Amino acid sequence: MTSGGAASAVPPEEIRAIPVRHTGRWLAAVAIAFLIYAVAVSMATNKRFQWSVIRHYFASSPVLHGLVVTLELTATSMAIGIALGIVFAVMRLSPNPLVSSASWVYIWFFRGTPVLVQIIFWNFIGALYPHFGIGIPLGPQFTHVDVASHITPFVAGMLALGLNEGAYMSEIVRAGIISVDEGQTEAAQSLGMTRLLTMRRIVLPQAMRVIIPPTGNETISMLKTTSLVSVIAVTELLYSVQVIYARTYQIIPLLIVASIWYLIVTTILSFGQYYVERYYGRGVSRNQPENVLLTWWRSVLDVPIFRR
Amino acid sequence: MSAMVKAEGVHKRFGRLEVLKGISLEVQPGEVMCILGPSGSGKTTFLRCINHLEKINSGRLWVDGELVGYRQAGDRLFELPDNEVCRKRAEIGMVFQRFNLFGHMTALENVVEAPVRVRRISKDRATAAARDLLTRVGLADKYDSYPSQLSGGQQQRVAIARALAMNPKLMLFDEPTSALDPELVGEVLDVMRGLANDGMTMVVVTHEIGFAREVGDTVVFMDEGVVVEAGKPREILASPQHERTRAFLSKVL
């Protein structure tokens, strides 16, 4: 007889045991609930938060305009950063030593200087090069551009943030490329695919799985780094509220207005990241990213008092 | 020159380590050559030299009468540009020990990719051909599966279909069953047997002595970068002339 024969004494229904009491968890929950309550009361009753001012400026046109500029700046500098990042990562991995060291120098320079300095530098580039042309040095010139009229503060900020981001992105992209198994490249080569085609069709799409999560971080970080261009008077979100509080001295409420907007956009970006990650994770059954809200909701439903 | 593969005194070094020490052999069109030997004997390296995944250091290697990786003018050799190397590789199929299917593509997309991107065949035609090939290797119901959803044997059969999609004149197999569970080896060998019966020229690095005996036209035994002996499978496997071959076969048989 097998051991299964003895199972006749064991009831077949699902196990319903009395759960262990987690006294510590309940105490922690009470403490946290009390803290939330205390903070909420203080924020509601402290008149100096000036909630009416926050409400008044929250959707006012200068603030919304600033928000749009912040979003434009984030999108364009990230686009520049990602494009440069891919180019410099591929260059860095090139067998040509000159090409790979050129990439190394770029990363060295733009990671090695403060982004605030780079922003101010680009703003004053017109002082260094009043004119910009394409041609042969000391030889004939083909085109000619007046720098001062084209490098507006917005363009200066976009260039500075984009070039700086390119250096960081190229390290992220390089890590992604390296993470793809060598066998993928060999299989592609054995099918007659060129280096470029292999990179574009086989390696980069699979590297994306590794590249996306830190890129999401970089985008969220960029959203807030754009506030630095307020120093060159680009009317992005922070600068817009600064202009208002310079006039009304309502510094704290207006900073809260800006912060709430930053938080809202960050939240939206995090959700976007989840869907992008899921798209590039296809073909890989494990390590699918979690939907944070859904996981949270399930864990709430799992608390004994909500469980039926 | 009629041989599909011809090697003369092929040497290959990795740094100071000499992996191939003068390999000379010929594979005729339609022939199935099985290369046996202990690990580290250089058989995989030799296979990779045939489609120029590795550059040889000396000797000469021809595929279908053309030098691999070089162009000869008089007695001078010129390295081939990348696109020429790619064009020649496209005519040689290769199957790897670890399958190396493209992980972000379904089985069908894996097979369609190279004909569309390299040969520039229309997507519809390539897809129809890919379906036929996958059906031929017994995977008609797995078109839309990703590699991670397939067993090792199924992945390797997709990999064979992917190589065949380029209509290669020569197929290279690098220990195609070594990474498989024992019960999945048979399905891959069956596909290879079918290919051999259809007249495909094949060079197979393998540890499957049974397959070499049954399907191989020639068996080559390699050790420490040299061909120890070569000949008909029945002769080599039944009555090896060299002590080294005998010792190896007594361990694997």
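This is a predicted model: local features need pLDDT of at least 70, side-chain atom pairs count only at pLDDT 80 or more; totals for chains, interfaces and linings use all residues.
Author: Local features need pLDDT of at least 70, and side-chain atom pairs count only at pLDDT 80 or more, while totals for chains, interfaces and linings use all residues. Residues are numbered from 1 along each chain as written, chains are lettered from A and ligands numbered from 1 in written order, and side-chain values use heavy atoms, leaving out hydrogens and water.

Reader: How do you know that chain B agrees with a compact globule?

Author: The rule is 2.2 Å times the number of residues to the power 0.38, with the radius of gyration taken over C-alpha atoms. For 253 residues that lands near 18 Å, and chain B has 18 Å, so the two agree.

Reader: What makes a residue of chain B count as buried, and what share does?

Author: Buried means under 20% relative accessible area, with a 1.4 Å probe and protein chains only. In chain B, 56% of the 253 residues count as buried.

Reader: Which strands make up the open sheet in chain B?

Author: Its order is E2-E1-E4-E5, with antiparallel pairing. Strands are DSSP runs of E, at least two residues, numbered from the N terminus.

Reader: Why do E2 and E5 of chain B stand at the edges?

Author: Strand E2 (17-27) and strand E5 (66-67) of chain B each have a single partner strand, so one side of each is left without a neighbour in the sheet.

Reader: What makes E1 and E4 of chain B a pair?

Author: Two strands pair if DSSP finds at least two bridges between them. E1 (residues 5-14) and E4 (residues 58-63) of chain B have 5 bridges, so they pair, in the antiparallel sense. Val5(B), for one, has Val63(B) as its bridge partner in E4(B).

How values were computed. Buried means under 20% relative accessible area, exposed over 50%, partly exposed in between (1.4 Å probe, protein chains only). Helices (H or I, at least four residues) and strands (E, at least two) are DSSP runs, numbered from the N terminus.
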